[in-house]
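Hi,

Here is the structure I said I would pass along.

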Amino acid sequence: MLKRTLTASIITVLALGAATACSSNSGSSASSGSGGSGGTPTVKLMAGGLDKQIYLPYQLAENLGFYKKYGVKVELSTEQNGGVGAEEAMASGQVDMAGAWYNHTIEFQAKGKAVEDVVQLSGAPGEREMCTKKSGVTSAADFKGKTLGVTDLGSGTDTLTQFMAAKKGVKTGQFHRLAVGAGSTAVAALQNGKADCVMTTQPTVAAVEKKGVGTSAIDLATTDGAKAALGGPFPGASVLARTDWVNSHKDAVQKVVDALVATMHWINTHSAADIANKLPASYVQNQLVTKTDYIKALTEDKGQFLPDGIMPAGGPKTALATEKLVGSVTSSVDLGKTFTNEFALNANKKEGFTTTTTPAGANG
């Protein structure tokens, strides 16, 4: 899971903004989420850090009024440091949906749990390997003997770190992985010399650069960067749900996807400044970054977002390759059961949007 350490002020803001966050079993939302005669369905969605740029579409959809427009009430909540991860909360029924990376569906299937990705928001992890000048790291080939910061051991950043190293012939035992979280703790790890590099996302990347404690050595923040470093597009931010829940709440799922596909189209047709202006003030200006920093960073990394919510061809195969190479998955996986483009294709057709992403087939 992508555990992300939030600063105290951000936690406070998010806690207030997520007053409707899940605190009980999803049974109540499951019944209202059926989209039947009960009126507007309610869906609980927990994200792996609502204030992170890689996960901005979930809150943006709310602020643009798109959930309401498409007839669904989405109760957003966010992971807290040390708490349950979004994907685990979804799998256990605490929430209906998770805003998390696609690769978790592969991990769940390997454990015998049916979870699927119903809309794909990005074609890249949205991360950057930020390294100190002293580290001498310019690619994963230089990881040997280094201490590499990840958000948490076992997280998506941990998996990617090991995968990039393995592709360059560097074994996991030849470097040290350190959980540094994100935000101020990740910055401090570089500043205090505890880590040579940290894999992190915006706005932490901008803070590292502004403080002069590290620079981007490996780009996983854009689709092109992900292809170069990982060998293909890597599906990052998405919406995950249990397959049994999806099958019994298709109307509610479609409405959520309608809203998010409209959001992705809006992102694709608006500037980083326009996007920042629609987000909560605490997301774009805080102890880490100024609003100017945030907009500059989003302008650089906006290419990670897919314009139509469709799982890109080759994406599932790349994700599976990372899981297998680092040993997270050793059994066979039916990729066709880990994602669906049905809802996204319906949403684009409904709005008359022209799709540009080549859809992944059943084999990924």
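Let's start with a quick one: which residue in β7 is the bridge partner of Thr147? It's His176. Keep in mind throughout that this is a predicted model.

That pair belongs to a parallel pairing, with four bridges joining β6 (residues 147-150) to β7 (residues 176-179). To get from β6 to β7, the chain passes through helix α7 (residues 156-167), and this β-α-β crossover is right-handed. β6 also runs parallel to β8 (residues 197-201), joined to that strand by two bridges; there, Leu148 has Cys197 as its bridge partner.

As for the side chains of β6, Thr147 and Gly149 point one way while Leu148 and Val150 point the other way, and all are buried. In general, side chains in a regular strand alternate between the two faces of the sheet.

Now for the other sheet I looked at. This open sheet has five strands, ordered β2-β1-β3-β10-β4, with mixed pairing. β2 (73-78) and β4 (115-120) are the edge strands, each pairing on one side only. On average, neighbouring strands here are turned by 35 degrees against each other, ignoring direction. Within the sheet, β1 (residues 42-47) and β3 (residues 97-101) run parallel and are joined by three bridges, and Leu45 has Met97 in β3 as its bridge partner.

Lying across β1, β2, β3, β4 and β10 (237-242) is helix α12 (residues 250-268), which runs at about 35 degrees to β4. α12 is mostly covered, with 14 of its 19 residues buried. From first C-alpha to last, α12 reaches 26 Å, close to the 27 Å expected at 1.5 Å a residue.

Cheers

Methods. Residues numbered from 1 in each chain as written. Predicted model: local features only at pLDDT ≥ 70, side-chain atom pairs only at ≥ 80, totals over all residues. Heavy atoms only, no water. Pairing = 2+ DSSP bridges. Axes fitted to C-alpha atoms, helices over the stretch in contact; angles between N-to-C directions. Contact = heavy atoms within 4.5 Å. Expected span 1.5 Å × (residues − 1). Buried < 20%, exposed > 50% of the residue type's maximum accessible area, 1.4 Å probe, protein only. Right-handed = clockwise from strand over helix to strand, strands pointing away.
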